[in-house]
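Good morning, and thank you for joining the meeting.

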Amino acid sequence: MPSQHRPSGAHPTALGLALLCGTAGCYHGTNAHDDGAGDGTGGTEASGGSDGGTADDTGVGACADGVSIAPLRRLSEAQYRNTLAELFAPAGIDVASDAATELDRIPVDDGDGSFGILDTRVSDLHARAYYRLADRMADVVAYDPENLTAVGGSCAGPSMPDAACIDAFLDDFGLRAYRRPLTSDERSSLHDIATTSPDGTEAWRSLVFMLLMSPQFLYHVELEGEGDDAQYELDGYALASRLSFHFWQSMPDADLFAAAADGSILTEDGYLAQLDRVFEDPRTQATIDRFYDEWLQLGWLTTFPTTPAFQTFAMGTTIGEADADHLVAAQDEIHALQRHFTFEQDGSLADLLMTDLSLTASPHLAQLYGVAPWDGAGEPPTMPAGQRAGLLTRVAFLLTGNEESHPVHRGAALRERVLCEELPQPDPTQLPPGALDQPPVDGEKTTRQRYEEKTADAVCNGCHHAINPIGFVLEGYDALGRHRTEETIIDSVSGEILATLPLDTAATPAITGDDTVVADGIALSQQVVDSGKAEPCFAQQYFRATFGRSEADEDTCLIETVTTELTDNASIRSALRSIALAATFRTRRVM
Amino acid sequence: MPVRSGRRMFLRTTSGMLLGMPFLSSLLPRGTKAAPGDPIKRFVAIQSQSGQMVADFWPAWTPPGYQLRDTMYGGDRADGTTALATTLPGTNYKWAPLADFTGQDLSRTIPASLQPWFGKMLLLRGLDYLQGTSHGLGMMLGNYANCASAGEFETRGLGQMPTIDQVLAYSDRFYPATPHARSIVLATGSPSSISDTDYNVPGGPVENIPAYLEPHDLWQDLFGDFMEPGMPMEHPNRRLVAAVYQDYAKLKTHARLSADDRATLERHMAFLDDIENELANGLSAACVKPEEPPIYGVGYPWQEVSSIENFEAWTALLVDIAVAALRCDITRVITFEAQMGITDASGTKVNSYHSSDDVAGDWHDYAHDAVDESMDHAHIVALNKWVVTAVFQRFLEQLDVEEADGQTFLDNSLVYWGGELGMDHYVQGMPTILAGGAGGALTTGYYVDYSQMTSDYANPILPWGVLIPGIPHNRLLVTILQAMGLSPADYERDGRPGYGHNEIFNGPYAWPEDAYVAGDIGKPLPGIFNG
């Protein structure tokens with residue numbers, strides 16, 4: 001569960017500690033690829049390609065012994081919002097405008113610096129938000145004749161609905177709300193609710209209210225399928241929901257419901273056909289965008305400061321101009337890159353980490369890179385030679401939120417998020433006095449020099465020796481992500497330029513466990529790729545984001561399968577898709 | 001701001017605010033009426049976020065008969081604050097009447113505007129959180145396991161604990177009858193609260209309760225759907241919510257659900273039950289609804305503060321509606337986490353938030369830089385002063401009105417103001433203010449210093465002062481729980497005395513035995529608890 005919740009808007013590694021001091025041997029990583037991934041249970045042959053095929057060569061049912069417990073959980077915040085919108089969309093009802101106030105009441109999913117979907121709390125505020133939305137949307141339907149007809153059919157009106165009219169409603173709207181056909185008991189209960197209402201309007205209001213408050217709507221209820229009560233294969237409707245919620249973060253569409261109804265989704269060919277279709281849908285791309293946002297903690301900065309120091313720092317840029325869109329464009333650029341190497345090309349994680357393509361359409365962001373904006377036609381421009389490679393050298397990852405670069409933040413972010421290494425929080429009572437204060441700006445020292453002095457203490461250096469070198473290499477980019485070879489020192493209060501000092505970006509990040517010296521973002525990114533640590537980390541993070549829980553022992557095979565797709569098959573696309581091919585995806589284990 | 005008109009507005013009135021009106025317990029709803037000598041007790045906890053310059057909370061001047069610590073002790077113990085000379089009876093600690101500190105601000109942080117309540121207040125110095133903890137929202141209420149050192153807690157097998165407000169909220173002794181709302185959890189800035197709960201499922205997961213941010217949401221849930229006295233019709237949603245409840249109950253029996261799954265559904269059912277109760281049970285005739293507040297669009301993330309004026313207004317409304325709920329006995333437990341505050345130290349009001357690199361005021365940076373930067377120090381003082389006046393004092397003002405027999409709501413309540421951590425992530429000597437006597441359970445009107453001034457414990461000298469050990473904060477938790485009417489059997493766990501993380505008396509993240517008395521950790525604070 002979330003503990004100390006990092007607020008959106010706070011720097012993702014700024015929580016609590018500006019600096020990180022501790023003892024030696026302070027971090028633990030996930031197994032690198034060469035540490036035992038791919039033990040044969042879910043390797044390349046079993047996990048297959050991305051373009052359909054037979055059950056065998058696509059790995060359907062892979063990791064058959066690795067079915068982990070799937071607890072009953074509510075729809076995530078995003079899933080609830082999306083599902084509500086799509087439930088009413090066929091009737092032409094825009095929930096976002098009709099229930100704007102009520103939508104604001106949905107508690108934010110707080111993944112405690114990780115994926116929001118990991119927040120599975122059900123609180124009083126959740127129940128009340130569901131109540132308010134059900135109440136509001138029931139009103140929107142029942143009190144507007146046009147809406148009522150759109151939802152309940154031509155038989156719906158102010159007079160009491162007859163049984164056939166209610167049944168037709170339950171066959172359509174009810175099925176989509178429950179994401180399966182209603183049982184006879186459920187139908188009977190809802191008929192009773194409607195027919196005991198004082199009038200037709202209240203009957204319709206009651207029906208909509210009941211459906212939106214139902215656990216079948218608010219939770220992922222997966223109870224049908226072949227097997228015993230402890231573990232069973234999901235039935236067609238539950239499987240359709242699994243696909244849609246994993247890849248779209250929303251309810252199934254008409255095709256998925258049809259495939260569930262005719263049973264084709266339970267055949268291997270039918271399932272793969274649906275998987276391919278779902279995967280190609282733009283909603284999947286949006287889901288993966290969100291994965292990158294949360295994985296790399298992008299988008300946390302929503303406005304630039306207006307301090308004199310930042311104004312000095314940002315001179316020569318278009319920041320502050322009316323149409324300036326640096327922050328949004330920076331995030332969009334990461335989305336564009338991931339889409340390019342996943343949905344437009346069958347690229348690898350290494351491609352994403354090493355590419356010199358610039359896909360931004362924003363002239364403002366392009367100016368920071370020193371490239372022309374790309375209009376989407378023809379070949380995209382490439383970054384100036386020798387300056388950038390992939391995600392880790394892009395503005396969205398490098399932004400610090402003010403005029404000062406922060407090598408500790410950057411180093412910690414890369415270690416924790418990209419390499420999945422755990423960095424401990426220090427015991428502040430064991431630290432030297434003032435150890436957690438940021439080193440003040442000094443006109444005679446670069447940022448690197450200030451942080452080197454600050455963390456020179458043996459206690460601090462226990463961890464900082466692993467963090468700082470990464471940040472020092474990334475000192476080749478300023479706090480806005482602009483490439484630089486010298487550092488402008490700015491007084492943090494007055495904004496006065498104090499000095500311009502030469503930069504030393506050569507350091508030993510030791511990502512690959514050796515003492516190779518690297519001096520720029522390209523070499524650093526190459527070391528990340530060479531380390532073999534990025535792929536298992538990506539696989540672990542993707543697992544958490546898509547299943548909404550931390551991995552259990554039974555999930556090891558699945559994570560290794562995804563890792564293998566990233567390494568041996570060198571395909572992000574296959575990796576993302578492969579998660580739906582595992583047995584655990586099509587099975588529910590209760591206990 | 002636009003105010004939504006609901007379909008059932010005809011059920012509602014636009015009564016005036018109840019603020020300042022006498023309110024008699026004899027007019028409370030049946031079942032909640034206080035018996036003579038058995039006042040209804042209420043608990044309010046308010047937290048100032050982020051780091052503090054702890055010394056700013058203590059008097060640093062010399063009323064007649066007083067001297068500074070610098071004079072009395074000198075050396076390492078000279079910190080510019082007022083020394084107390086009178087011994088707390090039966091102890092080695094010191095205390096002084098707060099009345100001795102009138103005529104000017106009590107301290108840099110505590111303004112003179114609180115003087116009208118000095119007789120009902122306790123300023124407590126020397127309460128230490130568990131060493132090594134840092135940045136934890138629930139720490140002032142007893143849950144250290146969410147702190148920034150949570151990994152260490154997990155490593156040592158130390159679990160999450162419900163905060164004491166939630167112990168009260170689910171106590172049959174505290175709530176003899178099921179309340180409308182067991183607790184109300186509020187915050188400014190983000191929905192992360194200082195309340196952690198297991199929803200009264202021992203051994204179940206302990207979760208942070210998301211807080212109300214928007215006054216209109218709070219009003220709507222507490223007052224919006226309540227049937228007015230004398231209304232002839234039943235709320236139309238009541239039967240529907242009851243039917244929904246049955247859907248959950250039916251699902252809960254399914255063989256393909258685990259025990260955890262069933263617990264999830266049971267929790268949801270409890271919330272549905274609360275909603276249904278609210279729809280069924282009207283307010284008492286004497287309970288006057290606050291006016292429906294405007295919708296400010298208070299959102300999360302916090303950048304959506306549209307104006308300082310609006311922020312001030314909605315903070316005031318959160319307090320006002322919460323007080324109305326206390327006075328109507330809708331709830332008896334309130335927590336308020338001030339993650340965002342206002343500082344005017346630079347001459348302009350600025351909203352400030354913990355770890356907000358992209359707003360003008362960063363409470364976290366202020367705290368880190370306060371030792372070296374006078375303006376940052378001034379911001380920290382101003383932020384806490386804002387919490388004192390805008391939140392803490394506002395609660396006192398509105399609770400200090402007659403409830404019955406010359407007793408005010410405040411007299412029967414306990415309003416507790418605390419903080420998250422001190423300077424440089426140290427958590428010793430955490431500033432604590434209590435107001436209200438909890439129905440006579442506490443002796444009030446004093447500044448009590450639990451610092452062990454003669455201790456030889458390490459006493460490290462830090463840039464901002466010397467660290468003098470005091471008394472485990474756990475004893476304040478015990479004091480509060482017992483003052484609210486609970487006995488040790490109601491809150492103690494696993495056979496250990498007291499409450500909170502008191503199980504580790506040796507090793508890191510522990511109460512060092514050379515500085516604290518282990519055997520006392522389950523006892524109330526000395527000298528102020530009347531049993």
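This is a predicted model: local features need pLDDT of at least 70, side-chain atom pairs count only at pLDDT 80 or more; totals for chains, interfaces and linings use all residues.

In chain A, the secondary structure comes to 28 helices and four strands. The chain has 591 residues, and buried residues make up 56% of them. As for its contacts, among those in chain A with a separation of 6 or more, 71% are between residues 24 or more positions apart.

Let me now turn to helix H21 of chain A, which runs over residues 407-418. Its 12 residues reach 16 Å from the first C-alpha to the last, close to the 16 Å expected at 1.5 Å a residue. Is this helix enclosed or exposed? Of the 12 residues of H21(A), 12 are buried, so the helix is largely enclosed by the rest of the structure. The buried residues include charged side chains by name, among them Arg410(A), Arg415(A), Glu416(A) and Arg417(A). Also buried are Pro407(A), Val408(A), Leu414(A) and Val418(A), to name some of the others.

Which elements surround H21(A)? Its buried residues pack against helices H15 (282-295), H20 (395-398), H22 (447-454), H23 (458-473), H24 (521-531) and H25 (534-547) of chain A. Just after H21(A), Cys420(A) takes a positive phi of about 60 degrees. For context, most residues other than glycine have a negative phi.

In chain A, Gln297(A) has a positive phi of about 55 degrees although it is not a glycine. Gln297(A) lies in the loop between H15 and helix H16 (308-313) of chain A. Because it has 21 C-beta neighbours inside 10 Å, Gln297(A) counts as buried. In chain B, Asp494(B) is not a glycine either, and its phi is positive at about 55 degrees. Asp494(B) is found in the segment after helix H11 (488-491) of chain B. With 6 other C-beta atoms within 10 Å, Asp494(B) is exposed.

I come next to helix packing. Two packed helices are described by the angle between their axes and the distance between the axes. Within chain A, helix H12 (residues 236-247) and helix H13 (residues 254-261) pack at an angle of about 150 degrees, with their axes 8 Å apart. H12(A) and H13(A) are therefore roughly antiparallel to each other. H12(A) contributes Gly236(A), Tyr237(A), Ala240(A), Leu243(A) and Ser244(A) to the contact, and H13(A) contributes Leu256(A), Phe257(A), Ala259(A) and Ala260(A). By class, this contact has seven nonpolar, two polar and no charged residues.

The last pair joins the two chains. At what angle do helix H10 (residues 200-213) of chain A and helix H5 (residues 236-252) of chain B cross? They cross at roughly 40 degrees, and their axes come within 10 Å. That makes H10(A) oblique to H5(B). The crossing of these two helices is right-handed. On the side of H10(A), the contact is made by Glu202(A), Ser206(A), Phe209(A), Met210(A) and Met213(A). On the side of H5(B), Pro236(B), Leu240(B), Ala243(B) and Val244(B) take part. Here the classes are seven nonpolar, one polar and one charged.

Thank you for your attention.

Notes: Residues are numbered from 1 along each chain as its sequence is written. Chains are lettered from A and ligands numbered from 1 in the order in which they are written. The expected span of a helix is 1.5 Å times one less than its number of residues. A residue is buried if 20 or more other C-beta atoms lie within 10 Å of its own, exposed if 12 or fewer, and partly exposed in between; C-beta atoms are placed from the backbone. Two residues are in contact if their C-beta atoms, placed from the backbone, lie within 7 Å. Axes are lines fitted to C-alpha atoms, for helices over the stretch in contact, and angles run from 0 to 180 degrees between N-to-C directions. Angles under 35 degrees count as roughly parallel, over 145 as roughly antiparallel, 65 to 115 as roughly perpendicular and the rest as oblique. A crossing is left-handed if the near helix is turned anticlockwise from the far one by less than a right angle, and right-handed if clockwise.
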